[in-house]
Each structure stands twice: as structure tokens, then as C-alpha cells.
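Dear colleague,

Please find the structure below, handed over for your study.

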Amino acid sequence: MTALASPPPDADALAALITQVAETRDRQAYAALFKHFAPRIMAYLRRGGMGAGEAEELTQEVMLTLWRKAGYFDPLRAGAATWLFAIVRNARIDRARRRRDATLSGAPPLEEADAAPSAESMSLVTEREAQLRSALNSLSPEQKEIVQLSFFSDTPHAAIASKLNLPLGTVKSRVRLAIAKLRILLEDPS
Amino acid sequence: MISHHPSPETLLAHAAGTLLAGHTVVVVAHVQGCAHCQAALTRMEALGGALMEDLAPEPLAAEAFAQVLARLDEPAPKPPPPPRQTNLALPSGLRLPVALRGAQIGRWLRIGRGLRYSRVRLPWAPEQNVMLLKVAGGRKVLHHSHGGMELTQVLWGGFHDETGQYGPGDIGEADETTEHQPIADPEGCVCLASLEGGLRLPWFTRLLGW
Ligand SMILES: [Zn+2]
């Protein structure tokens, strides 16, 4: 037990790794991405109530998607975690769809069209996401929990109600309040 | 120029992946044509990404990475087919949104003077109430909603009501508290709509005396 765990790569390093995978199919960069993201994707899916086996399977699919779609990653548009979050979310929805409709196969139907090229620089994206993160950390613990549950639960309002032991109506108004507070963070700075 | 967007709550639910399947189709149709909402959605996804990064990592099975490595050279799966619209007469220049990929789109049914309806069945969520609506020019339609949220995305033509003018790309969001009286523009209007709750007709029902 002598080896020290290396510090997790920061946002810029993660973006650079994805670009490396896109440009040179670098499996070492891919391994670093897997090490960082796979356990977090797993945690996200488990928080949403998915069983361990299914969550692991879907995590593997998401990591395969990362390998295949790395060329679509645009660091001028979004950070690595942002981009990957959208992939995970779509994969989760797609899995639910496929469970209902056996004829569906292949790429997530939710895949977005190519966005217009961004005029922002990479440092702006990094800065904006850092601001978002600090604003998120400035929320009260209850508000942060409500935001987390809004993102991580399949039936957010009902889940929040039972988790926090509150009536559904109260939950809905608290969610609204948390969103209103976050709206400031989410507004277009321009 | 798009001037009506989904509410932040709706967009956030979409970002989180918790929006109803029917509403999701309509919101995706809007976002694909709206740079403003694309940017807002990216900011919300950044929020999701930050929250995901904050979670305590959960280890995968020891062989997980080797299993993925072994699959890297598999061919990527094919994308699903574009929306089927063979039997649907549409105004020239109108293309159905890519968001309708995989949906089964029914024929136009005449359900009243100047009013046609086509059921959009989502095979992955057949209970969802999604439809295309074609309203003739100048038709006045009364809002009459009983259930939850309704989303209406203008695909062609337009309408106006007390809340403003809606043209191609605009989305109207209404719930049981909304009272308005939309009037179709002279050239008419084609919309994609989704309604929360069971199968029922949207705001034009009072026009038909239902
Ligand atoms: Zn918009």
C-alpha cells in the first residue's frame, strides 16, 4: 500500500484526454477517462435506482459511446463532464425506451443535431463551469439535495417527497424555489 | 426569430431526463431549432455534469475495463430510421422534426371545420398523448384544458393569442391555469403537441362543443 492515489484529472485535462481519444484513438487516454468517469456514471445510475448489474452494463455502453463519439466532443461548447452527462442521460432514457419497444435499436433516438459552432474559447467554457460549480456549492444543503434529487431520480418529486418526508405539494414548491435560485446561475451571461 | 421557449422548469426536467416521453419529443423538436435553448440546455447539463462529478465513485467489477476494451472495435450500431410520413399531406416546405424519428404518424383525421388531427404514436411510450394538428387560416380555437401540462410547437404557419404571436419554431407551454384564445394566422398552422394525461383532445375541444 505504498502507491499514492494520483489526484483526479481536472476539467481541462479530461477535455484534453477526450480530444486525444478522438484524434489518435489513444487507448491510454481512454483508460484514464474510464478510470475517472466509469465509477461516477455508475454512481449516477445507482442513485437513479438502477440495479448494480444493469448499471454496470449501461456504464460500459456509455464508455463505448464515449470511444465512438469522441470526435463529436467540442471543448469550445461544453466541458467533458457536461458532454458525458448528456450521453449518460440519453443512454438511460434510451434503455427505458428499448425496454418498451423491442424494435428500437442502435444510437439513442435523442441524439441532438449538430449544434452551431460556438464562438466561445475553451477557457471561457472552463470558467463558466467553474462558476456554476461554486454557485452550486453555495446552495444550502437542503436546496442542494433537492437539486440532486431532481437530477438523479426517475420520479423526482415523488422521490424527494418520500426521502424528505414532505407532502408532494411542498416538494413541488421547494423544487420551484431551488430552480428559481439556480435560474440566476443558468441565465445567459450575455 | 423564435420568441417563445419552454419554461426553465421544463427545460431542466429535459436536461435531467425526467420529462415525460411525449413532452420530450416536443421539447427536442424545439431545442434543435433554437440556439437560445441549446445554450440554456448546455448550462443545465453542466449542472448535471457537476453533480455527477461530485458523487462518491462506485467501483465497477474488476474485469469491466477489459470487457469494454474488447468491444472497442465493434461496429457502431446504425441510427434509427427517419420519421415515417408517407401518408401525411403536409404544406410544401414543412419537414417533420428529426425528434419524431421512430414515431408512428397517423393519417390526417378531420375532426371539425378547418381542423385536422394526426395521432403520433411513440412505440416506446404508446400511452403518451402526442399529435400533429392542422388548423385552417383564421380559425379561432378556445383553450380548454383539464389535465396537466400541454406543449405546442409550431412547425409551419402560426397563431396568436393574448400571450403573443407564435410562428415556426415557437413553443407554447400551457397548464390547467392557462386561459387563452388562439387564432390561426391567415395561412393556417401546423403544430406538434403533447398533452399530459390520458388520450384527450387539447384546447380546441370547446370549439367542437365537447
Ligand atoms: Zn428556445
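A salt bridge is defined here as a side-chain nitrogen of Lys or Arg within 4 Å of a carboxyl oxygen of Asp or Glu. Side chains of opposite charge can pair when their charged atoms come close. One such pair is formed by Arg95(A) and Glu54(A), whose side chains meet at 3.6 Å, N to O. Arg95(A) belongs to helix 4 (residues 80–100) of chain A and Glu54(A) to helix 3 (residues 52–69) of chain A, so the pair links distant parts of the chain, 41 residues apart; helices are DSSP runs of H or I with at least four residues, numbered from the N terminus. Over all chains, the count comes to 10 salt bridges.

Please note that this is a predicted model, in which local features need pLDDT of at least 70 and side-chain atom pairs count only at pLDDT 80 or more, while totals for chains, interfaces and linings use all residues. Residues are numbered from 1 along each chain as its sequence is written, chains are lettered from A and ligands numbered from 1 in the order in which they are written, and side-chain values use heavy atoms, with hydrogens and water left out.

The next topic is the interface. In chain B, 56 residues are in contact (heavy atoms within 4.5 Å) with 71 residues of chain A. The area buried between the two chains, that is, the accessible area (1.4 Å probe) that they lose on being put together, summed over both, is about 5800 Å², and carbon and sulfur atoms give 63% of it. Arg43(B), Met52(B) and Trp124(B) supply 13% of the area that chain B buries against chain A, more than any other three residues.

Five salt bridges are found across this interface. In one salt bridge between the chains, the side chain of Arg46(A) meets that of Glu58(B) at 3.5 Å, N to O. Among the elements that give two or more residues to the side of chain B that touches chain A are helix 1 (8–16) and helix 3 (35–54) of chain B. Helix 3 of chain B gives the most to that side, with 15 residues.

Finally, there is a zinc ion. Its protein donors (N, O and S atoms within 2.8 Å of the metal, or 3.2 Å for Na, K and Ca) are His5(B) (ND1), His30(B) (NE2), Cys34(B) (SG) and Cys37(B) (SG), lying 2.0 to 2.3 Å from the zinc ion. The arrangement is tetrahedral (all angles between 85 and 135 degrees) because the four donor atoms subtend angles of 99 to 117°.

With kind regards

Methods:
Four donors count as tetrahedral if all angles lie between 85 and 135 degrees; four count as square planar and six as octahedral if opposite donors are over 155 degrees apart and all others between 65 and 115; anything else is irregular.
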